[in-house]
Amino acid sequence: MTRFTADRLLLFGATGDLSKRMLLPSLCALDADGLLDPRIEIVGTARADLDDFSFRNFARESLEQFMPAERRGGMATFLNRLFFQPLDASSTEGFDALAAKVGTPREGLAVFLSTAPSLFEPSIQGLVASGLANERTRIALEKPLGTDLTSSRAINDAVASAFPEERTFRIDHYLGKETVQNLLALRFANVLFEPLWNAAHIDHVQITVAETVGLEGRVAFYDDAGALRDMVQNHMLQLLALVAMEPPISYEAGPVRDEKVKVLRCLRPVTVGETVRGQYRDGAIGGKAVPGYDEELGRESATETFVAIKAHLDCWRWKGVPFYLRTGKRLPRRTTEIVVQFRPIPHSIFSGRGARTVPNRLVIGIQPSENIQLSLMAKVPGLDRTGLSLRPVPLDIAMPEAFSGPQRRIAYERLLLDLIEGDQTLFVRRDEVEAQWEWIDAIRASWLEQGLEPKTYTAGSWGPSAAIALAERDGVTWHE
């Protein structure tokens, strides 16, 4: 099928939190930079009883609240692109009116489905019944895509009934982050790294996604999901796949996603003692007292707010290299980072002079700051009359400083533009999602079989002491 650039964008859940914080600001920024086709019209839909004028006022207030002032230059022009049609997506009755509002696209329609997963199937049925789901329509889906493999397959089957895989765009917004994409550039555009990117030279890999926040208004969703399904199943496994994948034949959607799937299928089922569950209790974040999870929830719960996993890939490149994953809420600082720990040099020529060497380490910071840091051994200045001294010296690349010209973009800017233009490279394919769920479901089954309850940890700490022990028994220290 020939790729087309959509000239209509239909936003389901257009008055929701994601739309206010991310989608509308992203689209406005793209428009201000001249990256949206001048012909494109954006139709929002939700249950809210709004018309075009009141939706534009809603959008203006959202942009003023969540978009930097310096990026609002073309706001008036952007607002004129916006239209609105009220809709109860649980019923097909209102879809004919929605289709009339959308009109007949000259090139094609892109649909962004930001609704509760329970509304995915009726929304798709409504799109089909109204004629909006045709060969010139593509659809983007926000997570969660199910709660396990069975429910994920049911959602994907419902989507596939109207949209073939080449017109289905599953979003993991981490893939839109610049530093995540730079991970591929770091590996495959630099002869320095790729020859060393294997078990012969890498001791272990750490992936951390730490949050300082608690429930933050996501009470019902989070208590049903927990840290494993909320973070590990999607974001963290995507990061792992990008770190571990073989070189694709080209930077195109098919080859990149083929290699990610191979990694996910290499994940060895975890064994007893390779996972830690945790749940925070009251403590302090940034010097301010915060309640425990059970207090925020208003009742006791067995849901984990922290998980640490020692993962292995059964493949040639990574045989014997552990991947340590951890994520949690109410941790000391907000950070997402990947740490690649290289092996020690085989022999130090400096030991006879009293110098100690430390293995090289590559730290890829994804948020809140985007940076790449490589630690190298260097000689400490001096005459060395009492012995030679070496120490690690960081080489830092702060991405915003290295590229001072372009605006720093949020992930949804790239993802929305790719959806409109039909580039699937940074979206997740069905077999990726299902491979992720297979591994996660096995972990949850093992927890149930073991009766593994969450261990408590104090808010503001780095999780249960068992998570520290998970790494330290292998002689590994978490990077903090």
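When I say contact, I mean heavy atoms within 4.5 Å. With that in hand, take leucine 18: setting aside neighbours within four places in sequence, leucine 18 is in contact with Leu23, Phe112, Ser114, Glu142 and Tyr412. Leucine 18 sits in helix 1, residues 17-32. Helices here are DSSP runs of H or I with at least four residues, strands are runs of E with at least two, and both are numbered from the N terminus.

Quick housekeeping. This is a predicted model, where local features need pLDDT of at least 70 and side-chain atom pairs count only at pLDDT 80 or more, while totals for chains, interfaces and linings use all residues. Residues are numbered from 1 along each chain as its sequence is written, and side-chain values use heavy atoms, with hydrogens and water left out.

Now the record. UniProt, in an unreviewed entry, lists Leu18 under "binding site", and Arg47 and Lys143 are also among the residues listed. Those positions are in the numbering used here, feature names are shortened, and annotations may be inferred rather than shown by experiment. The unreviewed entry also has "domain: Glucose-6-phosphate dehydrogenase NAD-binding" over residues 11-182. In the model that span is 41% helix and 15% strand, with its end C-alpha atoms 29 Å apart.

So where does arginine 47 sit? In the loop between strand 2 (41-46) and helix 2 (52-66). Arginine 47 counts as exposed because its relative accessibility is 62%; the cut-offs are over 50% for exposed, under 20% for buried and partly exposed in between, using a 1.4 Å probe and protein chains only. Beyond its neighbours within four places in sequence, arginine 47 is in contact with Leu87, Asp88 and Ser90.

Then there's threonine 168, in strand 6, residues 168-170. Threonine 168 is buried, at a relative accessible area of 1%. Its side chain reaches the backbone oxygen of phenylalanine 163 at 3.3 Å, and a polar atom of that side chain lies 3.1 Å from the backbone oxygen of proline 164. Leaving out neighbours within four places, contacts of threonine 168 include Ile139, Val159 and Gln424.

Conventions:
Polar contact = N/O pair within 3.5 Å; in protein donor to acceptor, adjacent residues only side chain to side chain.
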